[in-house]
Amino acid sequence: MVDPRTAERLTYRALYFACAGLVLFLGLLPLSQTPTLWPVPDGWQEGLPEGLLLFGLPVPDVLLCLTLLWVQRRPDFITVWAVAVVFLLSDLLAMRPPGLWTLIVVVGTEIIRVREADTRDMPPWGEWAVAAVAILGMMLAYRLALGLFLLPDVDTGQAAGAALMTILLYPVLAGILRVTLGLRRAATGEVDQLGKRL
């Protein structure tokens, strides 16, 4: 019989993979040919009012936002290998240099994971600030690496816009995951049903 703590960990790990898989799947859908940078599938735009179509706004990195939320709130729920597998698959599907973005995200999330105990009592805006610094740092490191190896990349304005949209998405996604999946930070000194410290 699996103890409740292990069952909870495995459940949330499976939920992370399911959410990441959904994000990757939506990224593969055939996109509309209208001039928008948002990945809206062909069949969806016809039914939307024009005011809801966000023309010209860069697409946030939902997968990065999702991963940072999981690592900041409950780092014991996903392993470094889970992050590496998801982002390597993302690299391959997006036809980015395989492993480069994965390495940057793994290093960034591991830095956050190591500091989790120190940041556990931060207010929500503090968690958001940590995520914002991590997003900016990762995206800057990625652009520097692409420039160093003379690999093609999007223009600076679009990359900066994508980083900003990802930062703005963080609190929205945090609220959604809190309400739907109950993903929250463990309080200082909180213990599980067996008395183990979280």
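Helix H4 is followed by Met95, and the phi of Met95 is positive, near 55°. Start there, and keep in mind that this is a predicted model.

Now step back into the helix itself. H4 covers residues 80–94. How far apart should the ends of H4 be? At 1.5 Å a residue, its 15 residues should span 21 Å.

Which residues of H4 are buried? They are Ala82, Val83, Ala84, Val86, Phe87, Ser90 and Asp91. Look at the spacing in that list. An α-helix has 3.6 residues a turn, so residues three or four places apart point the same way. The cover over the buried residues of H4 includes helix H1 (4–28), H3 and H5.

Two of those neighbours, H3 and H5, also meet each other. Two packed helices are described by the angle between their axes and the distance between the axes. The axes of H3 and H5 come within 9 Å and cross at roughly 25°. An angle under 35 degrees counts as roughly parallel, so H3 is roughly parallel to H5. The crossing of H3 past H5 is right-handed.

Which residues make this contact? From H3 come Leu64, Thr67, Leu68, Val71 and Gln72. From H5 come Trp101, Val105, Thr109, Ile112 and Arg113. Sorted by class, the contact of H3 with H5 holds 6 nonpolar, 3 polar and 1 charged residues.

Move on to helix H7, residues 124–148. The same ruler applies here. At 1.5 Å a residue, the 25 residues of H7 should span 36 Å.

The buried residues of H7 include Gly126, Glu127, Ala131, Ala132, Ala134 and Ile135. Also buried in H7 are Met138, Met139, Tyr142, Ala145 and Leu146. What do the buried residues of H7 pack against? Their partners are helix H3 (62–73), helix H5 (100–114) and helix H8 (156–181). Just after H7, Leu150 takes a positive phi of about 55°.

Finally, take in the whole protein. How many helices and strands does it have? There are 8 helices and 0 strands. From the N terminus on, the elements run α-α-α-α-α-α-α-α. Of the 198 residues in the protein, 39% are buried. Among contacts with a separation of 6 or more, 68% join residues 24 or more positions apart.

Technical notes. Residues numbered from 1 in each chain as written. Predicted model: local features only at pLDDT ≥ 70, side-chain atom pairs only at ≥ 80, totals over all residues. Heavy atoms only, no water. Helix = DSSP H or I, 4+ residues; strand = E, 2+ residues; numbered from the N terminus. Expected span 1.5 Å × (residues − 1). Buried < 20%, exposed > 50% of the residue type's maximum accessible area, 1.4 Å probe, protein only. Contact = heavy atoms within 4.5 Å. Axes fitted to C-alpha atoms, helices over the stretch in contact; angles between N-to-C directions. Parallel < 35°, antiparallel > 145°, perpendicular 65-115°, else oblique. Left-handed = near helix turned anticlockwise from the far one by under 90°. Nonpolar A, V, L, I, M, F, W, Y, C, P; charged D, E, K, R; others polar.
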